[in-house]
Amino acid sequence: MSFDQQNDFPLEWLRHTSPYINTHRGKTFVVWLSDELLDRELFKHLIHDLTLLSHLGIRLVLVHGMRSQIDEALKANNIQTTFANPAGTQGEHAEVRITTSEMLPSVHSVLGNIRSQIESAFSTGLPNTPMSGSRVTLCSGNFVVAKPYGVRDGIDYGHTGEIRKVRTQTINDLLNLGIIVLISPVGYSPTGELFNLHAEDVATQTAIDLTADKLIFLHHQTDELAAALGNTREISVGPHGVQQVLPDELHRLKSVVHNCATACQRGVNRCHIVSSLQDGALLKEIFTRDGSGLLIDSGNYDSIRPATHRDVAGIKALIQPLINDGILLDRSEQDLERKISEFFVAEREGSVIGCASLTRYHTQAEVGCLAVHPDFRASGKATEMLQHLIEEAAAEGCKQLFALSTRSGDWFREQGFVPGDLATVPVDESRLANNRGSKLYVLDLA
Ligand SMILES: CC(C)(COP(=O)(O)OP(=O)(O)OC[C@H]1O[C@@H](n2cnc3c(N)ncnc32)[C@H](O)[C@@H]1OP(=O)(O)O)[C@@H](O)C(=O)NCCC(=O)NCCS
């Protein structure tokens with residue numbers, strides 16, 4: 001690149017991504033690739049983007065769909081396909097395919113084609129392309145144990161199956177080696193039979209069983225979804241709340257939204273529905289504050305939000321034992337009342353289980369009073385709260401976060417903070433005079 005061309009280099013953008021890169025490194029993302037995406041020109045770009053995520057240390061599990069390819073293969077082989085709506089699954093899955101033995105060769109052939117298409121896309125490494133020098137290893141295999149869907153309402157669903165078990169240990173072992181895991185929407189029973197599975201369910205169950213940090217659906221109907229939801233970018237509701245407002249013609253999306261809500265309630269931090277038609281939508285969702293798609297989390301489960309005056313008692317109860325132990329600075333209820341606009345709380349089922357404050361000083365901001373209830377520690381809650389504060393601070397134009405800590409310096413360092421000099425931060429003299437030997441840790445945001 002010549003010096004004149006460097007004007008186009010997105011320097012500021014690249015710098016702004018570093019907090020996100022730090023946050024996502026080592027995290028597990030399950031990404032569902034819709035069947036119709038595989039045949040698009042954009043698929044090549046998506047592979048570049050997924051490769052980049054893997055290179056940035058994100059543990060990637062990909063689950064591909066293959067519904068439309070099976071439809072085409074059956075049509076080409078003159079095989080009639082039948083769907084049914086078993087009682088109890090209507091609305092969840094609008095249609096379940098009856099997979100007869102006659103269809104199995106078509107399923108096998110589609111499966112082989114799609115796997116090899118994805119494997120070869122990840123294997124390209126031509127010079128002068130974003131894949132140049134890439135050494136990504138992709139592994140597909142028998143990761144899902146299935147059982148037959150069986151006979152329901154007198155209908156035999158044949159080789160249509162349900163997930164019995166996701167082999168998470170094996171998947172984790174591969175992810176730990178930096179390998180991208182590719183899962184197909186089929187499973188095998190202990191008798192060696194192949195069962196055709198609902199790809200969205202495979203992605204969801206895999207995310208739940210791995211306790212993934214994100215479950216991402218790349219979907220072609222995100223515009224319709226946004227319109228149906230009044231252009232909302234973020235929803236925190238249980239499954240029924242969302243489904244009611246989606247029109248019936250978006251039945252496949254309804255099922256995806258339902259899956260997201262289930263995943264959130266069963267331990268997956270965040271679910272996203274991102275456009276499969278927009279180049280770079282996945283990267284934008286992951287590396288920008290505003291994202292590009294729809295973020296879904298479960299309304300009553302662990303939300304992080306600005307504190308209100310009603311939280312004062314909960315915050316006080318949470319921090320008092322830590323104040324008594326000299327870990328946190330003393331704050332009376334009156335202090336908390338006065339400064340409540342600086343506080344954020346993590347809430348679970350109506351109780352404050354975590355808190356943190358963000359005090360702004362022009363382009364710097366202090367993270368303080370970070371605490372997580374002992375029953376909820378070591379599950380990433382404080383990391384999630386810190387990420388929330390980083391996003392808040394960055395949105396307000398802050399360039400640097402800092403924290404003063406007596407005992408949790410290592411925790412801050414593991415979050416990307418580095419030791420700093422007290423003279424460089426804007427805390428007042430009395431605070432420094434009362435400093436209990438705290439050390440300073442700073443994190444540059446830009
Ligand atoms: C520090 C604290 C907020 C972390 O909360 P958390 O939700 O458990 O944190 P996370 O789950 O995001 O991170 C947990 C990891 O940090 C480690 N960790 C926790 N406290 C630590 C500390 N004081 N020093 C170094 N590492 C620490 C845990 O061992 C765990 O590591 P592991 O994943 O390798 O087992 C919580 O321990 C707490 O409330 N401590 C008391 C208050 C405090 O010290 N606040 C910071 C000063 S402002």
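**Spaces and ligand**

Biologist: Which element gives the most to the lining of the second largest pocket, and with how many residues?

Modeller: Bear in mind that this is a predicted model, where local features need pLDDT of at least 70, side-chain atom pairs count only at pLDDT 80 or more, and totals for chains, interfaces and linings use all residues. Residues are numbered from 1 along each chain as its sequence is written, and side-chain values use heavy atoms, with hydrogens and water left out. Elements are DSSP runs numbered from the N terminus (helices H or I, at least four residues; strands E, at least two). At least two lining residues each come from β20, α13, β21, α14 and α15, and the one that gives the most, with seven residues, is β20.

Biologist: What's the volume of that second largest pocket?

Modeller: Its lining counts 34 residues, and nearest the centre are I327, L328, L370, A371 and S408. On a 1 Å grid over the protein atoms alone, a pocket is an open set with protein on both sides within 12 Å along at least five of seven lines, a cavity is where a 1.4 Å probe fits but cannot get out, and lining residues have an atom within 4 Å of a point. Volume is the space filled by probe spheres set on the points, joined across faces, edges and corners. For the second largest pocket, that comes to about 790 Å³.

Biologist: Which space does the ligand take?

Modeller: A molecule sits in a cavity or pocket if more than half of its atoms lie within 2 Å of its grid points. Around the ligand there are 17 residues (a heavy atom within 4 Å), with L370, A378, G380, T383 and S408 coming nearest. The space taken by the ligand is the second largest pocket.

Biologist: How far is a side-chain N or O atom of T383 from an oxygen atom of the ligand?

Modeller: Polar contacts here are pairs of N or O atoms within 3.5 Å. For the side chain of T383, the distance to a ligand oxygen is 2.4 Å.

Biologist: How many cavities of 30 Å³ or more does the search find, and how much space lies in the largest?

Modeller: The search covers the whole structure and turns up one. Of the 13 residues lining the largest cavity, those closest to its centre are L46, S275, S276, Q278 and G280. α2 and α10 each give two or more residues to that lining, and α2 gives the most, with four. The space in there is about 100 Å³.

Biologist: Last one: which strand holds C369, the residue with a positive phi of about 50°?

Modeller: T211 also has a positive phi, about 45°, without being a glycine, and T211 sits in the loop between α6 and β13. C369 isn't a glycine either, and its strand is β20.

Key
A polar contact is a pair of N or O atoms within 3.5 Å; within protein, one must be able to donate a hydrogen and the other to accept it, and residues adjacent in sequence count only if both atoms are side-chain atoms.
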